[in-house]
Amino acid sequence: MGKGKTTKVSENSSLIKNLKAMGILWALILICIIAAIISPNFLRPANMVNVVRSVSLNGIIAMGMTFVVLTGGVDLSVGSTVGVAAVSAAIMMQKGLNPVVTVAASLLIGVVLGLINGIGVTVGKLAPFIMTLGTMTALRGVARYIANGSPQNWRDSGIDFSFLGQGSILGVPVPVYIFLAVFAVAFYVLKYTEFGRSVYALGDSREAARLCGINTKKVETLCFVITGFLSALSAIIFISRLGIGQPEAGEGYELDALAMVYIGGASTAGGSGSVAGTLIGACLISVINNILNLMGISPFIQKVIQGVIIILAVLLERRTKKNK
Amino acid sequence: MLKMNHISKSFPGVKALDDISISVEKGEIHALVGENGAGKSTLMKILSGAYSLDSGEILLDGEKIENTSPGKMIEKGIAVIYQELMLLPHRTVAENIFLGRYPKTRMGKIDYKKMEQDAKAVLEELKLDLDARAVVEDLSVAKRQMVEIAKAMSRNAKIVVLDEPTAVLGDSELEGLFDIVKRLASEGVTFIYISHRLKEIFELCTNLTIMKDGRLVESGPAEQYTTELLVSKMVGRDVKDIYPKRTRNMGEVVLSVRGMTRKGVIENINFDLHKGEILGIAGLAGAGRSEILRAVIGADPIDEGTVELEGKAVNFKNVKEGILAGLGIVPEERKAEGLMLQQNMIFNMTVPALRKYKNRFGRLTPGKEAEVTRKYIETFHIRPGSPHTITNFMSGGNQQKVVLSKWIAADCKILLVDEPTRGVDVGAKEEIYEILNQLIEKGLSIIMVSSELPELLGTCDRIMVMNEGRQTGLFDIDECSEETLMTFATN
């Protein structure tokens with residue numbers, strides 16, 4: 001359980017000051033320095049953009065996952081939600097639906113799926129792990145069923161829907177902007193709104209939160225709705241980038257997102273963590289993968305290293321907390 | 001029999017124990033008293049082997065014990081029973097007693113039959129009224145303590161440390177525990193007893209050792225002390241009456257409860273609460289005292305009955321409605337229910353009324369939050385004084401001041417407090433009573449549940465007595481005595 005948490009609600013603590021408290025930030029900086037030494041290509045702007053772009057899809061989900069983890073829960077169904085949203089969006093476009101309507105409808109699907117998880121956890125009193133394990137399995141089935149098991153190509157419809165996934169502004173890909181915007185909103189919500197405060201309160205002690213007048217069921221449900229919504233957002237970018245919506249879209253995203261959240265210093269018990277940490281966690285994973293790519297190391301080995309990093313990061317985090 | 005000589009122990013930045021020496025004889029019930037943070041628990045953790053010592057020695061029957069560890073100390077016959085009992089809730093009494101040393105058959109299978117028989121034998125020998133097959137989860141706290149004692153005795157414990165065993169017990173359960181302790185002591189078992197309830201110490205203990213700020217104040221036979229003397233030695237100053245005086249000034253009725261019933265929990269509760277009144281609720285643990293508070297504020301639903309707030313009927317569907325109507329609750333379990341322990345003081349002080357700290361765009365204003373927090377830190381002398389202090393690292397008394405402050409900051413008019421001074425040291429207790437008095441003077445009304453009768457008698461205007469979910473009496477303070485309250489609570 002959490003000791004010496006550095007969760008912050010201080011009046012003068014800027015983002016930078018918060019980050020200073022995290023050992024993981026120093027790990028990121030260190031790895032960037034090493035990366036720059038190993039490969040001169042690393043610091044090139046194009047490569048830096050690539051680093052952020054490659055995590056933007058699961059990074060968006062990880063921002064939502066941070067909310068759920070802060071309440072002490074977990075959402076395993078995000079990857080399958082991506083699958084359902086991606087396939088349905090692609091099919092809608094095949095049928096010639098307006099892209100704006102398609103996007104709105106897909107986001108709504110994400111919200112509804114999140115709501116189902118939330119209701120299962122709060123009203124059905126199911127452990128989040130169990131509830132979302134169930135929906136994870138079921139929704140993957142749904143995605144395969146409505147796509148008839150095969151990738152749905154939307155390009156034939158003649159609609160130009162490539163901007164969200166493939167476009168770029170000032171040389172920076174659009175998904176990066178979306179990712180950073182989601183981060184900024186999540187950061188603001190957790191830090192400066194009553195809802196954000198309630199999320200931390202709930203994760204710290206459910207009963208204490210309830211006795212402070214917090215509607216714990218509502219707050220917890222909303223956290224699942226947020227992950228559902230962001231999963232669908234991620235799915236839209238996914239199909240825009242790939243030109244197809246396949247039923248396997250988003251497979252494994254739940255674990256990637258969780259890795260980012262936990263590397264970012266969140267506690268599995270809830271109440272401690274931040275989206276800033278998650279952002280660093282996401283960057284850390286991406287930088288390491290990037291440098292291994294630049295060095296031409298096998299993707300299989302990359303997985304091994306990523307796993308080791310998760311364990312090391314959490315050990316490091318615990319040490320820095322203890323030393324306070 | 002046990003001697004701990006010149007024990008010192010430091011943690012980074014703190015000298016927790018400074019040259020403490022204590023000597024305990026066989027069959028003695030030795031009280032260890034001192035305020036929170038005096039070092040009692042640290043000393044006992046050294047005795048149990050949980051902490052190593054920096055310097056000093058432990059002698060057991062004249063033999064020096066080197067390289068202490070929990071396993072070794074258990075072997076040497078030292079058992080520590082902590083306030084948070086170390087039992088497996090889903091296992092039976094027998095399994096808990098023999099945990100870690102289950103009897104086995106020749107095939108290596110656990111011999112449940114033998115274990116149960118052995119457990120029965122232990123319980124019988126100790127004359128404990130316990131079923132060896134009962135699951136611990138289903139037992140009362142008092143019975144669980146008996147399991148711990150049985151576990152210790154079955155390991156042939158010679159010295160048993162009881163760390164605040166009575167904080168969670170009602171008075172009749174207390175008697176039961178005391179009987180067992182006295183009986184075992186007369187059979188030669190040595191007890192070291194830690195408690196904040198001084199009355200018990202005089203009732204139970206033969207000798208006592210007083211600690212303050214990690215140092216030894218003095219040791220001596222209990223009969224040489226009075227409560228006043230003991231308290232003054234503990235806090236290092238004279239405390240004649242720890243209940244500060246105030247003028248009674250009850251105004252109009254602010255809260256009126258009629259026929260309040262929650263099936264199987266409380267039945268037909270009737271009372272009025274006046275402006276500027278402290279209404280006490282007495283009773284044994286489990287008599288439904290906390291449940292009244294929870295029902296009033298809307299934490300638990302009411303099956304029957306009415307609640308009127310300033311003449312208007314109310315029916316709170318959740319705590320939020322209760323809070324918005326001006327109620328606040330200081331729960332019994334401060335750590336689990338009163339505070340968000342991973343968060344700092346600012347977070348905890350503002351969380352019940354965040355609406356007050358929003359600007360017109362709905363954004364919280366951390367500057368204002370910190371300002372309000374600082375105000376209460378100053379008013380109530382909360383230590384450490386930084387609003388960024390994580391509440392987990394604060395002493396019990398200061399934590400409780402944070403919980404009280406948060407309701408005042410939320411403009412609470414009726415405060416429901418449940419065991420406000422449990423696990424709080426004597427000095428901080430006094431400060432908490434002072435705070436309650438200040439609130440009363442400001443025109444708040446308070447309902448206070450407490451297991452400590454002197455506390456109720458010392459602070460309340462009227463006292464209601466509960467017994468098994470029913471209200472058995474409501475007395476003006478002038479017509480109350482501990483005896484009356486006890487009679488109506490046990491009946």
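# Report on a predicted two-chain model

With 9 C-beta neighbours inside 10 Å, Lys125(A) counts as exposed, because a residue with 12 or fewer such neighbours falls in that class. The model described here is predicted. Lys125(A) occupies the loop that runs between helix H5 (99-122) and helix H6 (128-146) of chain A. Its phi is near 55 degrees, a positive value in a residue other than glycine.

Leu170(A) also has a phi near 55 degrees, positive although the residue is not glycine. Leu170(A) belongs to the loop between strand S2 (168-169) and strand S3 (172-173) of chain A. This residue counts as exposed, with 5 C-beta neighbours inside 10 Å. The table sets out the backbone angles of these residues, together with those of two further positions.

| Position | Angle |
|---|---|
| Lys125(A) | phi near 55 degrees |
| Leu170(A) | phi near 55 degrees |
| Gly296(A) | phi near 70 degrees |
| Arg383(B) and Pro384(B) | omega about -10 degrees |

Gly296(A), with its positive phi, follows helix H13 of chain A. In chain B, the peptide bond between Arg383(B) and Pro384(B) is cis. Pro384(B) is placed in the loop between helix H13 (366-379) and helix H14 (396-409) of chain B.

**Chain A as a whole**

Chain A contains 14 helices and four strands. Along the principal axes, the C-alpha atoms of chain A fill a box of roughly 60 × 55 × 35 Å. Of its 324 residues, 53% count as buried. Where contacts in chain A join residues at least 6 apart in sequence, 80% of them link residues at least 24 apart.

One helix of chain A may be described in detail. Helix H13 (residues 275-294) of chain A has 20 residues, and from its first C-alpha to its last it reaches 28 Å, close to the 28 Å expected at 1.5 Å a residue. Because 17 of its 20 residues are buried, H13(A) is largely enclosed by the rest of the structure.

In soluble globular proteins, nonpolar side chains tend to be buried together. The largest nonpolar core of this model has 179 residues, and those touching the most other members are Ala86(A), Ala235(A), Ile236(A), Leu284(A), Leu415(B), Leu416(B) and Ile446(B). Helix H11 (residues 216-242) of chain A gives the largest share of this core, 14 residues. Beyond its neighbours within four places in sequence, Ala235(A) is in contact with Val82(A), Ala85(A), Ala86(A), Ala89(A), Ser106(A), Ala249(A) and Gly250(A). Another core, of 66 residues, lies apart from the largest one, and its members include Leu123(B), Val147(B), Ala152(B) and Leu230(B).

**Contact between the chains**

Chain A contributes 23 residues to the contact and chain B contributes 30 residues. On the side of chain A that touches chain B, helix H9 (194-204) and helix H10 (206-211) of chain A are the elements giving two or more residues. The largest share of that side, five residues, comes from H9(A). Sorted by class, the side of chain A that touches chain B has seven nonpolar, nine polar and seven charged residues.

**The domains of chain B**

The domain assignment divides chain B into domain 1 (2-235) and domain 2 (253-490). The centres of these domains, taken over C-alpha atoms, are 33 Å apart. In their contact, 14 residues of domain 1 of chain B meet 15 residues of domain 2 of chain B. Helix H6 (171-186) and helix H8 (227-235) of chain B each supply at least two residues of the side of domain 1 that touches domain 2. H8(B) gives the largest share of that side, three residues.

**A buried glutamate in chain B**

Glu455(B) is part of helix H16 (residues 453-459) of chain B. Is Glu455(B) buried or exposed? With 22 other C-beta atoms within 10 Å, Glu455(B) is buried, because 20 or more such atoms place a residue in that class. Leaving aside neighbours within four places in sequence, Glu455(B) is in contact with Thr421(B) and Ser450(B). The C-alpha atoms of Glu455(B) and Gly280(B) are separated by 9.4 Å, while the two residues are 175 residues apart along the chain.

Methods. Residues are numbered from 1 along each chain as its sequence is written. Chains are lettered from A and ligands numbered from 1 in the order in which they are written. Domain bounds come from an automatic or database domain assignment. Two residues are in contact if their C-beta atoms, placed from the backbone, lie within 7 Å. A nonpolar core is a set of buried Ala, Val, Leu, Ile, Met, Phe, Trp, Tyr and Cys residues joined through C-beta atoms within 7 Å. The expected span of a helix is 1.5 Å times one less than its number of residues. Ala, Val, Leu, Ile, Met, Phe, Trp, Tyr, Cys and Pro count as nonpolar, Asp, Glu, Lys and Arg as charged, and the others, Gly among them, as polar.
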